[in-house]
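The sequence and the model are shown first, and a description by topic follows.

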Amino acid sequence: MFEPREMLAAFYERKGRARDVFVVATLPVPRPRPHDVVVRLAVSGVNPSDVKSRNGRISMEMPFPYVIPHSDGAGVIAAVGAGVDAHRVGDRVWVYNAQWQRPHGTAAQYVVLPASQAVRLPDDVDFETGACLGIPAQTAHRAVHIDGSVAGKTVLVTGGAGAVGRYAIQFAKAAGASVLTTVSSAAKADAARHAGADVIIDYTTEDVAASIRAATGRSHVDRVIEVDMAANAGLYPSIIAKGGTIVCYGSGVDDVALPVRMFRQSDVTLRFFLVYQLPLAARRAAISDISKMLKQRALSHAIAARFPIAGIAEAHDAVEAGLASGGNVVVQLPEQIP
Ligand SMILES: NC(=O)c1ccc[n+]([C@@H]2O[C@H](COP(=O)([O-])OP(=O)(O)OC[C@H]3O[C@@H](n4cnc5c(N)ncnc54)[C@H](OP(=O)(O)O)[C@@H]3O)[C@@H](O)[C@H]2O)c1
């Protein structure tokens, strides 16, 4: 019998600045429906899309009367709904899509979600790492694998010190690519180097196309994994190979001018995707590869900052201001209601 009735949670009832809208208080613990699990969370991961949903950049409309934010987190299965193997109680798990089109995310002591969205976390992998996998690692995996094998190819990961970028470097290297990346500082270069990038280019001080030529002896890359298409589109004509692919997972602004004639003449492919709605086969492939690499200790992770649940507004401010230099921001959940 699952006992807890109340949980500490962070939530908002209107959109706006983090410090204006966040409330940290007790709420009822939701009960599992058939095929659900209840996860007692240790850590909640904060991602840019959680921030954009809360600050109104995506829409000022509240999708639900209140929202407990965050899609990523990690903890232990505390109870299961009908139809779920009771042996899963006690499993250490990481979760994904917790707040995608639902009001209850992971910024709380408990989350209830479909059992398939709670993935086994190896015993020697800590919960902070688990809270980085849902959005950053799955996005990076999809970006690397969305358009066929990268084995033997040259891949440019823009923003390689970012939460997604660091994993993209690692997945591309694991898949046999030669990886170049761009960063904006020495600290971010260290993060990208640690992730395994072969060539690191400071895009704030170097001519990126010239640095690619100097480092590889080739003038073009086969694939670009793009964090900010609006900022970098002007670079593509001088760096993308004939038949190359640009995989865009982010853009500073939505409306972007693209060199269409050049793309047409060079048979360039553009790919876009949203990690919340990965096709089932891509989701399974990402989970399988992430699980395998975690077991082999072949993935490195970086926590840029940790906050207690009472500091959730500061956690969002850190992500919003881009302060997380080379890693993820996480929020820690207490075991008991203080
Ligand atoms: N499509 C999806 O499903 C999906 C999934 C996850 C994330 N995203 C989006 O992807 C973006 C990044 O997410 P994240 O969690 O990785 O954020 P993050 O941890 O803040 O990383 C972003 C990185 O990009 C770098 N950067 C920014 N502008 C750049 C530019 N013009 N050229 C090269 N590097 C640049 C940043 O460093 P500097 O500014 O110092 O260079 C930073 O290292 C966000 O917009 C997010 O909403 C989309």
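## Domains

The centres of domain 1 and domain 2, taken over C-alpha atoms, are separated by 29 Å. The structure is a predicted model. The domain assignment of the protein gives two stretches, 6–132 and 302–332, for domain 1, and residues 136–276 for domain 2.

Where the two domains meet, nine residues of domain 1 are in contact with ten residues of domain 2. The side of domain 1 that touches domain 2 comprises four nonpolar and five polar residues, with no charged residues.

## Helix H4 against helix H5

Helix H4 covers residues 133–145 and helix H5 covers residues 163–174. The two helices pack with their axes 8 Å apart, at an angle of about 50°. The crossing in which H4 passes H5 is right-handed.

On the side of H4, the contact is made by Pro136, Ala137, Thr139, Ala140, His141, Ala143 and Val144. On the side of H5, the residues are Ala163, Val164, Tyr167, Ala168, Phe171 and Ala172. By class, the contact of H4 with H5 has eleven nonpolar residues and two polar ones, and no charged residues.

## Helix H4 against helix H11

Helix H4 also packs with helix H11, which covers residues 280–295. Here the axes are 9 Å apart and the angle is about 110°. H4 is therefore roughly perpendicular to H11, as the angle lies within the range of 65 to 115 degrees. H4 passes H11 in a crossing that is right-handed.

H4 contributes Leu133, Ala137, Gln138, His141, Arg142 and His145 to this contact, and H11 contributes Ala282, Ala285, Ala286, Asp289 and Ile290. The contact of H4 with H11 divides into six nonpolar, three polar and two charged residues. Ala137 and His141 of H4 are listed in the contact with H5 and also in the contact with H11.

## Positive phi angles in two loops

Histidine 70 is not a glycine, yet it has a positive phi of about 90°. Its place is in the loop between helix H2 (48–55) and strand E4 (72–80). Histidine 70 counts as buried because 33 other C-beta atoms lie within 10 Å, and the cut-off for a buried residue is 20 or more.

Asparagine 97, likewise a residue other than glycine, has a positive phi near 55°. This residue is found in the loop between strand E5 (92–95) and strand E6 (110–114). With 22 other C-beta atoms within 10 Å, asparagine 97 is buried.

## Valine 76 in strand E4

Strand E4 contains valine 76. Is this residue buried, exposed or partly exposed? Valine 76 counts as partly exposed, because it has 17 C-beta neighbours inside 10 Å, and that count lies between the cut-off of 12 or fewer for exposed and that of 20 or more for buried.

Valine 76 and valine 89 are 13 residues apart in sequence, and their C-alpha atoms are 7.7 Å apart in space. When its neighbours within four places in sequence are left aside, valine 76 is in contact with Val39, Arg40, Gly90, Asp91 and Arg92.

Terms used:
Residues are numbered from 1 along each chain as its sequence is written. This is a predicted model: local features need pLDDT of at least 70, side-chain atom pairs count only at pLDDT 80 or more; totals for chains, interfaces and linings use all residues. Helices (H or I, at least four residues) and strands (E, at least two) are DSSP runs, numbered from the N terminus. Axes are lines fitted to C-alpha atoms, for helices over the stretch in contact, and angles run from 0 to 180 degrees between N-to-C directions. A crossing is left-handed if the near helix is turned anticlockwise from the far one by less than a right angle, and right-handed if clockwise. Two residues are in contact if their C-beta atoms, placed from the backbone, lie within 7 Å. Ala, Val, Leu, Ile, Met, Phe, Trp, Tyr, Cys and Pro count as nonpolar, Asp, Glu, Lys and Arg as charged, and the others, Gly among them, as polar. Angles under 35 degrees count as roughly parallel, over 145 as roughly antiparallel, 65 to 115 as roughly perpendicular and the rest as oblique. Domain bounds come from an automatic or database domain assignment.
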